[in-house]
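Hi everyone, thanks for coming. I'd like to walk you through one protein model today, so let's get it up on the screen.

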Amino acid sequence: LSADTLWQLVPRAPGRIAFVPIITGLPVGTSVLAVAVSPEGDNVFVGTGNKGLYRYHRMDLRTNVRAEDADDERGDAFYALVPLDSSRVLTQDGWEADADGFRRGSMLPGQQEGVAMHLDPQGRIWTSRLDSVWIIERSSGRIVREFITPSGLVTAYLQEGDTTWVAGIAGVVAYVNEAPVVVYRLSDAYFHEQVFALQRAPNGSLWLATGKGVFSVDASTGTVSPVPGLQEIFVRALHREGDRMFVGTYGQGAFAAIGERIVLFPLDPRRDLSHVHAFVRDLNGWLWLPTNRGLFRVEGSAVERYLQDTTAVFQYAFHGPRSGVSTLEFNGGCSPTHARLEDGHLGLPTIDGLVWFHPDHVHDPWPRGRVRVDALRVNGVAMDRSKRLAPLDTDAAIDLEVSIPFWGDVRN
């Protein structure tokens with residue numbers, strides 16, 4: 001202990017140790033009497049002789065905001081992100097960010113729209129303002145091409161081989177080796193605001209996520225039709241995995257489309273999963289769902305069981321302020337919806353900062369202690385918990401009180 005900081009001694013090279021701060025901000029004048037670490041290593045308890053008992057918990061996620069002098073009209077609201085290298089992203093307004101913070105960049109030509117950016121197979125960044133598109137060499141920042149797109153203001157991208165699909169407020173355009181082919185003009189339909197996402201469906205059609213549902217476009221004829229079961233809902237995200245398409249909506253929850261079957265994900269008890277902005281699968285199979293009310297994740301195998309049998313039950317893990325997510329409202333309706341970096345980190349945009357985490361380093365937030373039976377009553381009569389119960393009548397009223405040591409969020 002030194003001043004207001006608790007340090008940990010960490011072995012480094014042979015014969016050397018390093019002092020690493022693990023707790024800062026202890027009250028001035030604290031007299032520490034004891035320090036205890038939970039078996040999992042995610043809680044540290046500090047007992048003092050004059051300031052009380054303190055508990056510190058590890059945060060597996062972190063929310064970074066820019067300096068107060070950022071002077072951007074959007075404040076710290078972020079949208080589209082593209083990787084710059086193995087550990088950094090480029091934001092919609094030209095800032096460079098990593099898990100440690102931000103620094104001003106000079107790559108983008110002025111203020112961009114922000115809802116859509118794209119990294120093509122050549123490692124070039126596509127960005128836009130109104131109907132103007134710039135293609136920028138990522139390694140040097142050199143603008144290699146600037147053009148006007150027939151799609152109008154760009155709202156979403158999709159890469160398929162040598163074809164870059166661009167959706168905008170005026171239509172959908174396929175750039176084949178950068179030569180534009182207008183596939184569909186949106187003037188023929190009212191989609192409510194814009195196309196939020198493009199994705200190739202398992203049946204080969206092109207799906208558009210809009211504020212009036214999901215529409216299927218036949219690229220060969222330019223005809224468009226609503227996808228049955230997904231009409232008249234505000235769709236913000238599409239994510240395909242094999243033969244199923246995950247669909248995130250603004251107010252109606254999350255769906256999975258499997259063939260002609262549409263399956264609604266179960267909502268959490270607080271209905272926080274009514275607004276789902278993205279589906280992010282990590283390398284361990286977990287599915288992450290950023291929403292308007294926090295970040296959730298669910299085990300991939302549990303989702304598969306549910307899609308086969310909707311009577312199956314699974315549990316969402318909630319990550320909020322106790323996990324390091326200081327702003328619960330994530331941003332959606334952008335393309336891409338997140339950034340996945342080569343160093344393993346994921347970056348998610350929120351209305352107030354960027355949330356960073358490495359999925360391999362995130363602990364389960366659920367209780368892990370032993371369940372303790374505090375009281376047992378049968379028909380209102382207290383029973384001796386140390387003895388085996390005799391057979392009970394089928395209509396017996398059983399009251400069981402249990403407790404478990406848990407320092408996490410009550411939603412877990």
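Before we look at sheets: two strands count as paired if DSSP finds at least two bridges between them. Helices (H or I, at least four residues) and strands (E, at least two) are DSSP runs, numbered from the N terminus. Quick housekeeping: this is a predicted model, where local features need pLDDT of at least 70, side-chain atom pairs count only at pLDDT 80 or more, and totals for chains, interfaces and linings use all residues. Residues are numbered from 1 along each chain as its sequence is written, and side-chain values use heavy atoms, with hydrogens and water left out.

How many bridges join strand 24 to strand 25? Five, and these two strands run antiparallel. Arginine 244, for instance, stands opposite isoleucine 258 in strand 25.

There's another open sheet of four strands, ordered 19-20-21-22, again with antiparallel pairing. Strand 19 and strand 22 (224-231) have a single partner strand each, so one side of each is left without a neighbour in the sheet. The twist averages 30° from one strand to the next. Strand 21 (residues 213-217) pairs with strand 22 over four bridges, and proline 226 in strand 22 is the bridge partner of phenylalanine 215.

Now, pockets. On a 1 Å grid over the protein atoms alone, a pocket is an open set of points where a 1.4 Å probe fits, with protein on both sides within 12 Å along at least five of seven lines; lining residues have an atom within 4 Å of a point. Grid points are joined across faces, edges and corners, and a volume is the space filled by probe spheres set on the points.

The largest pocket comes to about 680 Å³. It has 28 lining residues, and the closest to its centre are Gln199, Ser335, Pro336, Thr337 and His338.

Conventions
Axes fitted to C-alpha atoms, helices over the stretch in contact; angles between N-to-C directions.
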